[in-house]
Amino acid sequence: MKVYECCDIESVTKKIYCRECGQEITNEREVPDKGNVYSYTVIHVPPAEYAHLAPYTVALIELHNSNVKLTVRIAGEVEIGDEVELDEFVDGAYVYKKTS
C-alpha cells in the first residue's frame with residue numbers, strides 16, 4: 001500500500017498539493033498492508049446498499065511503519081490491538097482480516 005507524505009502528514013489517498021504548505025506532494029513510499037485495530041464498531045443497521053452485509057464490523061486501523069489510520073471493513077470479529085492484514089478491496093472498500 002502506498003502512503004503519501006508532506007509536512008509530517010501521511011495519507012493513503014493521493015493528493016496533488018499539501019494542505020499545510022501548499023507544495024506539490026512528491027514523497028510516496030510503500031508500507032505493509034498490515035496494521036493493528038485502533039477502534040471498531042459493529043454495524044447492525046446499515047445503509048440500504050450494505051444491508052446484505054449486516055451485521056458487519058468497521059474498524060480504524062493503524063498501519064505498520066506509518067502513522068496512517070485507515071477506516072476498513074473487518075471480516076470476522078476483532079478486539080482493539082489485534083493485528084490485521086488486507087484481505088481484499090471490494091466496491092471501493094478495504095476489507096481486512098485478523099492475522100492470528
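Which residue is the bridge partner of E5 in β2? Keep that in mind as you read these friendly notes; the answer comes in the first point.

1. **A pairing to start from.** The bridge partner of E5 in strand β2 is E10. Please remember that you are looking at a predicted model. The strands β1 and β2 pair in the antiparallel sense, and three bridges hold that pairing in the description. You can find β1 at residues 2-6 and β2 at residues 9-11.

2. **The sheet around that pair.** Now step back and trace the open sheet: it has three strands, in the order β2-β1-β3, with antiparallel pairing. Strands β2 and β3 are the edge strands, as each of them pairs on one side only. On average, neighbouring strands of this sheet are turned by 30° against each other, if direction is ignored. As background, strands in a sheet pair through hydrogen bonds of the backbone, and they can do so in a parallel or an antiparallel way.

3. A search of the whole structure gives six salt bridges. In one of them, the side chains of K2 and E28 meet, with N to O at 3.1 Å. This pair links distant parts of the chain, since K2 belongs to strand β1 and E28 to strand β3 (residues 27-30), 26 residues apart. How accessible are the two partners? K2 has 38% relative accessibility and so counts as partly exposed, while E28, with a relative accessible area of 39%, is partly exposed.

4. Look next at E10, the residue from the opening question. Its side chain meets that of R29 in a salt bridge of 2.4 Å, N to O. Here too distant parts of the chain are linked: R29 is in strand β3 and E10 is in strand β2, 19 residues apart. Is E10 buried or exposed? E10 has 17% relative accessibility, and because buried means under 20%, E10 counts as buried.

5. D87 sits in strand β7 (residues 83-90) and K97 in strand β8 (residues 93-98), so the pair links distant parts of the chain, ten residues apart. Both ends have a value worth noting: D87 is partly exposed at 38% relative accessibility, and K97 is partly exposed at 31%. Elsewhere, salt bridges that share partners join K2, K14 and E28 into one network.

6. **Aromatic rings.** The count of aromatic pairs comes to two. Why is the pair of F89 and Y94 edge-to-face? Their ring centres are 4.9 Å apart and their planes stand at 65°; planes over 60 degrees apart count as edge-to-face, so this pair is edge-to-face. F89 is exposed, with a relative accessible area of 52%, whereas Y94 counts as partly exposed at 22% relative accessibility.

Conventions. Residues numbered from 1 in each chain as written. Predicted model: local features only at pLDDT ≥ 70, side-chain atom pairs only at ≥ 80, totals over all residues. Heavy atoms only, no water. Salt bridge = Lys/Arg side-chain N within 4 Å of Asp/Glu carboxyl O. Helix = DSSP H or I, 4+ residues; strand = E, 2+ residues; numbered from the N terminus. Buried < 20%, exposed > 50% of the residue type's maximum accessible area, 1.4 Å probe, protein only. Phe/Tyr/Trp six-rings, centres within 6.5 Å; stacked < 30°, edge-to-face > 60°. Pairing = 2+ DSSP bridges. Axes fitted to C-alpha atoms, helices over the stretch in contact; angles between N-to-C directions.
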